[in-house]
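Please read the following report alongside the sequence and the coordinates. It takes up selected residues, then salt bridges, cores and the surface.

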Amino acid sequence: MKLRVDYKASLRLVGTVLKYLAVPLCFPLVVALYYGESVLPFVVTMAVTVLVGIGLERLADEPDIGAREGFLMVATTWFAVTLVGAIPFLIEAHGVPFVTSAIHPESTLGNPVNALFETMSGFTTTGATVLGDISFESHTRSIMMWRQLTQWLGGMGIVVLAVAILPELSVGGAQLMDAEAPGPGIEKLTPRIAETARALWGAYLGLTVLEIVLLYSLHVTGNAPNMDVYNAIAHGLTTMPTGGFSPEARSIEAFSAAAQWVIIPFMVAAGTNFALFWHVLTGEPKRLVRDTEFKSYLGIIGVISAILAAVLFLGDGLVSVAPAGETYDQFYLEGVRTALIGNVEPSLRQSIFQVVSIVTTTGYASMDFNAWSAPTQYGLLFAMFIGGSAGSTGGAIKIVRWYVILKSLRRELFTTAHPEAIRPVRLAGRAVDERAIRGIYAFTLLYLVLFFVSTGLLHLDAARIDLGLSVLESMSAVAATLGNVGPGFGIVGPMGSYLDFSNSSKLYMVILMWMGRLEILPVFVLFTPEYWRR
Amino acid sequence: MRVIIVGAGQVGSSIAADLDATHEVVIVDCDPERVDELNYSLDVLAIRGDGTSVDTLEEAGIERADMVIASTDDDETNIVVCATAKAVSSAFTIARVKNTEYLRTWQHSEKAFGIDFMVCTNLLAAESIVRVVGLPAARDVDPFAGGEVQMAEFEVDDNSPVANQTVSEADRFDSLTFAAILRNGAVTIPRGDTIIRPGDRVVVIGSPQSVQGFATSISPDESPGTAEEVVIVGGSEIGYHVARLLEERGFKPRLLEQDPERARELAEQLPGTIVMESDATDIDFLEREYIGDADLLVSALDSDEKNLLVSLLAARLGVERTVAVIDTTPYVDLFEAVGVDVGVSPREVVAEEITRFTREGGAENVALIESDKAEVLEIEVDADSVLAGRPIRESVTSLPEGVVIGAITRQREFITPRGDTVIEPGDHVVVFADSSVVGDVAPKL
């Protein structure tokens with residue numbers, strides 16, 4: 001059998017990206033130096049990335065990237081950076097013999113599967129964690145910073161970043177970005193693809209810096225006591241990629257209402273098509289207001305939040321008893337009830353925050369929504385399938401796909417009554433190509449099939465090890481990893497973790513996160529014989 | 001004025017016929033027979049040759065020409081003729097095109113291709129079709145004075161309330177003037193006691209509201225307005241523009257197109273139109289979609305005969321009014337005689353539009369009645385005009401028979417002309433004139 005895919009060219013480019021991964025590794029290294037922590041986890045990893053990268057680069061001279069090579073390169077890159085990115089966690093957990101201060105035997109990341117899970121969750125901006133204890137007692141500040149940085153790198157896309165910076169990738173860059181970018185198709189903002197990639201990353205970087213500055217100024221003015229420099233940077237790095245890795249065990253609940261209000265608009269921005277920000281900055285602010293997807297996005301958030309706020313305000317959405325099989329802190333629950341019921345601001349804030357966090361797939365929580373009633377939780381589970389806009393950092397199915405699906409269903413109803421009618425599906429007045437509609441149907445169907453099959457598999461595997469997972473918990477775990485949301489319900493709730501799953505389940509979820517981030521098809525296609533042959 | 005017309009087809013000949021009395025006309029065509037024929041039938045100089053060549057243009061006297069009209073059937077030829085003329089002379093150039101893309105380019109810079117004035121056949125035809133929509137029984141509607149004044153031609157049938165009434169009885173609207181009655185092809189200037197007979201066509205000039213009101217009063221059964229259901233058959237350029245212009249006016253037309261690719265293309269371009277892919281002669285389809293309930297059907301297929309067939313079929317199914325695009329101008333009367341309610345000839349429409357540019361005496365706008373039996377002119381009155389500063393009762397005495405002052409606008413305000421109305425310089429006057437006196441009247445106004 002002769003392979004029709006130039007895999008060497010793809011691997012060579014993976015090598016290039018890996019080699020340059022050493023550059024962002026400098027950031028946690030600096031943090032380690034600042035706090036007097038061990039630099040070894042990062043120095044070793046840098047050495048590995050550079051060596052492996054250079055090794056892979058020797059595979060081919062001048063890579064010629066076609067559509068197939070693009071899929072292979074993108075899918076492999078994400079797996080390769082995950083493998084390498086797990087190294088600092090492993091080193092930190094196992095310790096290095098001659099630097100005893102760095103040893104954290106209580107870290108759960110000593111298990112390679114856990115380390116892999118945490119890294120994939122980081123790069124894919126899922127935000128699902130297997131840390132047993134999220135605190136600076138168990139982990140160094142530098143290793144936590146690396147955890148947050150993986151999300152920031154993964155948010156706008158490692159490959160987009162590579163296209164923006166590496167001249168080697170200017171040819172075929174559009175192929176690569178298309179394989180990686182969330183949503184159907186990419187919008188070329190400039191004639192040169194590298195400039196488009198730079199524009200997107202520029203907007204991303206700018207918003208991140210703005211958020212960090214705002215959060216820290218809240219701290220300086222005394223409005224957010226816990227939001228010190230480290231936390232401001234950490235949350236800036238995990239909001240914009242819709243990641244959700246907070247260095248605080250209680251997530252955003254640990255911060256003041258003011259800080260929560262500041263984070264909300266940044267989550268909304270993270271779920272917006274970044275091309276729109278570029279249009280706003282280049283003097284076409286009307287494009288933002290006129291964008292159909294953006295309007296639907298705000299509408300969806302508004303409607304769901306309003307319903308939820310009413311439910312919380314009236315208190316109907318809160319359970320006063322702990323979920324079955326768990327001992328819930330009654331004191332905590334009572335506190336929540338008195339804070340929410342009959343109070344406008346907290347009800348509004350809690351509902352908007354949770355809805356925005358779930359819809360944009362950020363995965364932060366400003367309260368433990370495990371304390372909410374089952375119907376409201378199912379509402380949030382439903383929201384996990386919506387996702388952000390195309391071209392945003394959000395995951396899941398994406399608003400534009402739902403919009404096109406709804407419109408084409410309406411078209412189907414019309415043509416049933418009028419068989420001769422020709423009705424293109426319109427997106428902001430422009431007709432959508434029928435092939436694109438077919439692609440959207442295929443993706444969504446595949447997504448849902450994958451969701452149901454995986455829920456079954458995960459539920460079975462949990463039963464095997466006697467985990468006692470409810471169906472809602474299994475569903476939420478799959479929806480949260482496949483959609484890159486992060487937290488689910490029950491044991492995988494916003495204050496919980498994925499630690500208790502078996503290794504096989506965790507590995508399976510690693511694959512789910514990987515496929516979810518790359519929107520299934522670029523990964524799936526690698527497993528078809530047709531891809532490799534003719 | 002020396003006018004060179006390139007292309008002696010229907011449009012070119014028609015313009016030449018309009019101008020030969022008052023201008024020095026040179027007409028250029030490649031077809032020797034047509035050239036011969038024109039030399040005998042009209043008082044023009046017809047030359048055989050290629051209008052895009054400088055030699056031919058020089059032979060036609062381009063250096064002395066004031067105006068070049070390119071009216072062949074080929075867009076690109078017309079554009080090249082104008083560009084060539086512009087390159088070797090300073091004549092005012094007019095080009096006729098079918099493709100609206102060229103028009104859009106030209107409108108963008110108004111200098112493109114060396115063309116001073118461009119008329120687009122398809123767009124003009126579509127516009128004149130759309131003007132008929134919403135005015136029941138109207139045959140022809142033309143706007144004047146920036147839309148403040150409308151001229152409309154109506155057919156009066158047996159059931160019409162105004163049938164067998166005198167003009168003064170029928171005139172129930174303040175700002176409406178009865179300009180003419182066309183009976184058996186003859187033009188009559190009506191007086192108060194003239195009786196309107198079934199089968200007559202009435203030409204009225206007035207404000208759009210009063211024309212609309214008159215339209216409703218002569219056929220009260222039909223409901224004008226955007227609720228009107230319009231079906232367009234044929235996704236030709238004209239069909240497309242009719243749908244587009246109707247969309248702009250808030251209608252939701254249906255458009256039938258047989259070719260799947262063209263249907264898809266149209267559906268993408270026309271968000272407010274329901275495009276259906278079907279043959280307009282498929283009776284089952286027409287019945288299933290209740291095409292017979294439509295108030296108006298426009299057939300814009302690419303063959304006159306098919307348009308006739310579709311219109312007759314639609315009328316049988318119960319469509320209230322049919323409009324057919326008719327390529328061959330002489331067929332218009334024929335088709336209207338056998339049952340098409342309104343026939344629109346794109347060539348005639350274009351000839352009208354070009355004629356308005358070649359008028360001496362500052363006519364702002366011209367409409368031709370019944371091809372050429374009469375004209376409606378819009379004129380801006382200056383101090384030298386016989387109308388200026390006098391009550392209309394006095395000024396009409398210095399004008400020949402067959403002239404009616406239909407409407408006046410002063411600073412975009414509508415004024416109903418009555419015997420004692422004094423016209424001031426700067427007013428816009430819409431005048432109906434029998435074609436036999438147009439040449440006389442135009443310079444005096």
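In which helix of chain A is the place of Ala194(A)?

## Ala194(A) and the basis of the description

Ala194(A) has its place in helix H10 of chain A, where helices (H or I, at least four residues) and strands (E, at least two) are DSSP runs numbered from the N terminus. This is a predicted model, in which local features need pLDDT of at least 70 and side-chain atom pairs count only at pLDDT 80 or more, while totals for chains, interfaces and linings use all residues. Residues are numbered from 1 along each chain as its sequence is written, chains are lettered from A and ligands numbered from 1 in the order in which they are written, and side-chain values use heavy atoms, with hydrogens and water left out.

Ala194(A) counts as buried because its relative accessible area is 12%; the classes are buried under 20%, exposed over 50% and partly exposed in between, with a 1.4 Å probe and protein chains only. Once neighbours within four places in sequence are set aside, Ala194(A) is in contact (heavy atoms within 4.5 Å) with Val163(A) and Ala164(A). Between Ala194(A) and Arg287(A), which are 93 residues apart along the chain, the C-alpha separation is 22 Å.

## Confidence

The average pLDDT of chain A is 88, and 95% of the residues score at least 70; pLDDT is the predictor's confidence in each residue, from 0 to 100. Over residues 98–103 of chain A, however, pLDDT stays under 50, and the model has 8 contacts beyond four places in sequence for this stretch. Where pLDDT is low, the predicted coordinates should not be read in detail.

## Two further buried residues

Ala367(B) is part of strand E18 (residues 363–369) of chain B, and it counts as buried because its relative accessibility is 0%. Not counting residues up to four places away in sequence, Ala367(B) touches Asp142(B), Phe144(B), Met151(B), Glu352(B), Ala374(B), Glu375(B) and Val376(B). With Met151(B), the sequence separation is 216 residues, whereas the C-alpha atoms are 8.5 Å apart in space.

In chain A, Ser476(A) belongs to helix H21 (residues 471–482) and is likewise classed as buried, because its relative accessibility is 0%. Leaving aside neighbours within four places in sequence, its contacts are Leu381(A), Met384(A), Gly488(A), Phe489(A) and Val492(A).

## Salt bridges

Over all chains the count comes to 34 salt bridges, each being a side-chain nitrogen of Lys or Arg within 4 Å of a carboxyl oxygen of Asp or Glu. One of them joins Glu265(B) to Arg262(B), with the closest N and O atoms 3.0 Å apart. Both residues lie in helix H10 (residues 260–269) of chain B, 3 residues apart, which is about one turn of the helix. Glu265(B) is partly exposed, because its relative accessible area is 37%, whereas Arg262(B), with 18%, is buried.

Arg34(B) and Asp29(B) also meet through their side chains in a salt bridge (3.6 Å, N to O); Arg34(B) is partly exposed at 33% relative accessibility, and Asp29(B) is buried at 9%. In the salt bridge between Asp302(B) and Lys306(B) (4.0 Å, N to O), Asp302(B) is exposed, with a relative accessible area of 70%, while Lys306(B) is partly exposed at 47%. A network of salt bridges links Arg411(A), Glu412(A) and Glu434(A) with Arg264(B) and Glu268(B).

## Nonpolar cores

A nonpolar core is a set of buried Ala, Val, Leu, Ile, Met, Phe, Trp, Tyr and Cys residues joined through side-chain atoms within 4.5 Å. The largest such core has 149 residues, and those with the most contacts inside it are Phe274(A) and Tyr498(A). Helix H10 (residues 193–220) of chain A supplies the largest share of this core, 11 residues. Another core, of 79 residues, lies apart from it and has among its members Ile15(B), Ile62(B), Cys120(B) and Ala300(B).

## A nonpolar surface patch

On the surface, Trp261(A), Phe313(A), Leu314(A), Val344(A) and Leu348(A) form a nonpolar patch with about 440 Å² of accessible area together. Patches are made of residues with over 30% relative accessible area and no salt bridge, like charges being joined within 9 Å and nonpolar side chains (Val, Leu, Ile, Met, Phe, Trp, Tyr) within 5 Å; accessible areas come from the Shrake-Rupley method with a 1.4 Å probe, and for residues only the protein chains shown count as cover.

Helix H15 (292–314) and helix H17 (344–359) of chain A each supply at least two residues of the patch. Leu348(A) has its place in helix H17 of chain A and counts as partly exposed, because its relative accessibility is 34%.
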